Amino acid sequence: MMDFFIAKNHNTPEDPIKVELLTLHTKKECSNGFDSMADLSLAEPTPAAPSPEPVFSGFNYLPMELLLKIMKQISVDDRLACGQTCHRWMEAAHYYLPFNQRIVYKFTNVNFTDYEPPIKNFLDAFRIFPRIAIKSCTFYGNSQFWSLFGEYVIELSLKNCLIKDTELLYILENVPNLRQLKIEQCDDLFRSWYFEKRMSCCQSHFVLPCLVDVSLANNDFLDELHFNKLMTLAPNIAHLDISHCFKMIASHRRVAMVEHIMRFINMHQFQLQTLKFSGTLAIDDICLSTLAMIDGLSLDTFSMTFCDKIPAAIIDLLRRQPDLNITQDLEWKVGRHPIKAPGFISFLVRQTNLVHLDLTSSLGVTDEVMELITTCLPRLKTLKLRRCILITDEGIMNIVNLQHLEVLDLSNCYRISDHAMYRGVIGRKMKNFTELYLCELPTLSDYSLIQVTLNFEMIQILDLSNSPNAATDATMQYINYYLVSLKQLLLYCCTKLTDSGLTGIDLPVKPMITWDQEETFPLDRLFKLRVLNLTGCYRISDLSLQNAFKLAELKELHLARCYQISEEGIRVLSESAKALEFIDISECPNINDSCIEMLTSNLKRLRTLKVNKCPKLTNACLEIIGRNCSYLKFLHVSACPRLKKPKERLAHLTSLKAVYVEW
C-alpha cells in the first residue's frame, strides 16, 4: 500500500462521510439455486446496451504504481521537474511519503518572520517539512511556522544565523520528534546567551527523546552551561560532533571545556556511537588516554586531528614487537625509565568496532600507527588520511587487509609511491570499494591509476586533483572503459590531459586492441556521471565538447581556465548536456554574449553560473540572463570589466539569491 501523508492543518472535514460498499452475490451465493442473472432478465425488460466508456490515453493517466516505479529510478531534480507536468504527476513527485522525507528545504539569507516572504507564504502550506536547513538567516521573534509544522520536523540545521536563546528554545520546544540538530557557526548566539538572567525559557524542562544526533561544530564561544543545556534536551544522544571548536578562546578555557566534554562522554559511555573532534584544539594524548580508560565506550565513528609526537622509544618498540597486547596499564621499560603506552595507541587498540575513522591533518600518524590501524580495526569501511605527511610506503602496505573498506583518502600523502599503491591498495579486489581520493600526489604515475581501473570497477567517486602524472590520456581511456559506474570525476589541474584522452581521437598509442582492431572510448561512455571537474585542464578544446559530452545526467561541470573553449564548443555542450544545473566557465577568454545566450536558452535547469574574469562579456549578457533564466539562483561575474551594475539590472529576477561581483 502506498504511503501518502495528510498534513495536520490540511483542510479536511472533521466528520468524514462513511461509505458503504455494496457487494453483489455471485451465482454460487444465491440461496434459491437459480441463476440470478436469468431471474433478473425475466423480471425486468432488457436494458439498452450502455454506450462504451471513453478510453483515456496519455502519460497523465498512467497508474500511480507505475508512476512511482518510474520516479524511483530518477534523481531528485528530475523527479521535481516531472512534478510540473500535471496534478497527477505532482502528487506522485511530492506527496509520496518516502520522497517527501528525503527533501531538504533550505532557507538562505532571509528574515525568518511571519510578516515577510517566504515564511509568510509557508504558513498557508498543506504539506509537511521533515528536513529544514537554515543558513545566514535572521530570526525575528517566535514564528508560528514551528507550532504549525514542528511536529513533522525530524532534522534541523542552523548555520551562521542571528538567533536569540529564547527563539532557539521556542523552536526546540515545538519539534518534539526531532532526530538531528545542527547548530554551527552561531557564535553570536552563545555570546549573548547568559544564564545569570534566569529567563523563564532557560528554566524549561522539556526534552527531545528522539534526538540522537547533535552537531555543535565551528563554535568558539560554547561554554559549559550552553553545552549542559543542549545535552539535557537530548537524553538519548548517540552522535556528537564538536569539530573545529574553541579556537578563539584562552587556552585555560579551552582545556576546561574539553575536560567537561570528557566527563560528559564518561557519563554517556554506553550510548555514544560517534565522536568527532577534527580540528578542535586541546584534544591531545591525555584526552585520548581518558577515552581509552572508559570501558563501556564502543564507537562506530571517530574523527580527530592528532598532532602529538609519539616517543621514539615507543615507535622503536612497536617496530620490533608489533604484536604486543597493549593495555592502559602496560609499561615498557626502555633504559632505566618505564614508559606507558601513549593514549592514542591505547585508544585505537581498544576501539576494535570502529567502522569510520577520519584522521585528516594528523601529523602524529606514522607508519607504526598505520600498522596498528590495519591490524586492530578489521571492520573499517572509511579511512581518511588526508595530509598525514609522515606516512610512507611502509605505512600503507597493509591497507589491503581491510577487506570491508569502501572509502579511502590518501590525498597529500606525498611520500607514497607506485610500489606501495600496487602492493597496499590495489593488491586485492574489494567489491564494495566506492570512493578513492588521490589528490596532490605528484609521485604517483599512470601505472597506479590503470591498476585502479582494472581492480575497482564499481567505484563511484574518483578524485585525482593536482596529480598530473597520474591523470594522462592513457589513464583517461581506461577510466572511460572500465569505470562506467562513476558519478563524480575530479581532475582539477591535471595538465597532461588533452582532447585525445577525453575523446579517443588522435591517440598516439591505442590502449585497447581486440582481434587486431584498435579501440578508443569517449568520455560520454560514463553515462552515470553527475559531477565533472576539469578546472585548469588548459589543453582541452572545443573538440572535447563536440565529441565527448553527451552526458544526459551531468549536473555539475567545471571548465574554468580552459582557455581554448569557444563558442563552437559551447553550442554543442548546451544541446547535449541539458540537465546541467551548475557550470563554471570562469577565466575562459573566448566566452562571449552568444555563449551565454546558448547556455541560458537550452539549460532550463541552470541554477549557478560562474563567468568570472571573462573580458568579452557585455551588458547584453545580463539582459539575456534576465530573459532566459527563470531558475537561476547564483551568478558569479567578478572581474568582468564590461559589466556595469549587474545587481540592479537583474533585480527583477525573483529566483536570483546572490550576485557576486567581487573576487
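**Helix α15**

Select D367, E368, V369, M370, L372, I373, T374 and C376: these are the buried residues of α15, where buried means under 20% relative accessible area with a 1.4 Å probe, protein chains only. Helices are DSSP runs of H or I of at least four residues, and strands are runs of E of at least two, numbered from the N terminus. Because eight of its ten residues are buried, α15 (residues 367-376) is largely enclosed by the rest of the structure.

This is a predicted model, in which local features need pLDDT of at least 70, side-chain atom pairs count only at pLDDT 80 or more, and totals for chains, interfaces and linings use all residues. Residues are numbered from 1 along each chain as its sequence is written, and side-chain values use heavy atoms, without hydrogens and water.

Next, select I134, L383 and L489, which touch the most other members of the largest nonpolar core, a set of 178 residues. Such a core consists of buried Ala, Val, Leu, Ile, Met, Phe, Trp, Tyr and Cys residues joined through side-chain atoms within 4.5 Å. Helix α11 (residues 251-267) contributes the most to this core, with six residues. Another core, of ten residues, lies apart from it and includes M64, L68, W89 and F99.

Now select residues 60-94, where UniProt, in an unreviewed entry, places the feature "domain: F-box"; such annotations may be inferred rather than shown by experiment. This stretch is 66% helix and 0% strand, with its end C-alpha atoms 16 Å apart.

Finally, colour by pLDDT, the predictor's confidence in each residue, from 0 to 100. The chain mean is 85, whereas pLDDT stays under 50 over residues 197-202.

Methods
Buried < 20%, exposed > 50% of the residue type's maximum accessible area, 1.4 Å probe, protein only. Contact = heavy atoms within 4.5 Å.
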